Amino acid sequence: MFDIAPSEFLLVAFVALVVIGPKDLPKAMRVLGYWVGRARAVGRQFRNGFDEMVREAELEEMEKKWKAENERIMREHPFVPTPPAAPALPDHASASDAPSPIDDVQHPVMVEKPHVVPEPAAVADEPRNEQPTEVRDGDDRHAPDGRVIQDKAAS
């Protein structure tokens, strides 16, 4: 924006030091920084307001295009409701034989039927001991009926 060469900047700093003086120069730099910051804030606010106006204008333009396109589509494809079709009766059926609206109720249809397997009689008749006596044979444990019981901790 401003093309200030380093030599020009040094000349301005030297003139400011001579004119303002070394005692008041820090205060002058603070005031100058404050006003530069204010000017930047005003410029940023102006730019944001301008961008917002441009966005709103573009949005209004897009809404107009969408509305026109929607109207065109509605003209080309009008909505025509279809009348409900009356159920066709066979030739031998009369109006008195027609099913009543109560018969039209559809009942749920079971898709899968559960397959229940009865428990084997030998296992069901067996008395259940809460704590079966175990026999240890090396690392294996055996139940009273001879089955090997696996030790989950050893697995």
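This passage walks through the predicted model of the protein, from its overall make-up to a few groups of side chains.

The model is predicted, so local features are taken only at pLDDT of at least 70 and side-chain atom pairs only at pLDDT 80 or more, while totals for chains, interfaces and linings use all residues. Residues are numbered from 1 along each chain as its sequence is written, and side-chain values use heavy atoms, with hydrogens and water left out.

The protein has three helices and three strands, where helices (H or I, at least four residues) and strands (E, at least two) are DSSP runs numbered from the N terminus. Read from the N terminus, the order of these elements is α-α-α-β-β-β. Confidence is given as pLDDT, the predictor's value for each residue from 0 to 100. Its mean over the protein is 77, and 59% of the residues reach 70 or more. Helix α2 has the highest confidence, at 94, whereas strand β1 (residues 135-137) has the lowest, at a mean of 51. Where pLDDT is low, the predicted coordinates should not be read in detail.

Of the 155 residues in the protein, 3% are buried; buried means under 20% relative accessible area, exposed over 50%, and partly exposed in between (1.4 Å probe, protein chains only). The protein exposes about 15,700 Å², with carbon and sulfur atoms supplying 61% of that area. Such areas come from the Shrake-Rupley method with a 1.4 Å probe, and for residues only the protein chains shown count as cover.

A nonpolar patch on the surface is formed by L11, F14, V15, V18, V19 and I20, which together have about 590 Å² of accessible area. Patches are made of residues with over 30% relative accessible area and no salt bridge, joining like charges within 9 Å and nonpolar side chains (Val, Leu, Ile, Met, Phe, Trp, Tyr) within 5 Å.

R55 and E52 are both in helix α2, three residues apart, or about one turn of the helix. R55 is partly exposed at 48% relative accessibility, as is E52 at 36%. Another salt bridge joins the side chains of K65 and E61 at 3.7 Å, N to O. K65 and E61 are four residues apart in helix α2, so about one helical turn separates them.

Towards E76, which is found in helix α2 (residues 25-76), R72 and E76 meet in a salt bridge of 2.7 Å, N to O. Both residues lie in helix α2, four residues apart. Salt bridges that share partners join E69, R72 and E76 into one network. R72 is partly exposed at 30% relative accessibility, and E76 is partly exposed at 48%.

Aromatic rings of Phe, Tyr and Trp (its six-membered ring) pair if their centres lie within 6.5 Å; planes under 30 degrees apart count as stacked, over 60 as edge-to-face and the rest as tilted. By this rule there is one aromatic pair. Y34 and W35 form it edge-to-face, 5.3 Å centre to centre with 80 degrees between the planes. Y34 is partly exposed, at 47% relative accessibility, while W35 is exposed, at 53%.

Note on methods. Salt bridge = Lys/Arg side-chain N within 4 Å of Asp/Glu carboxyl O.
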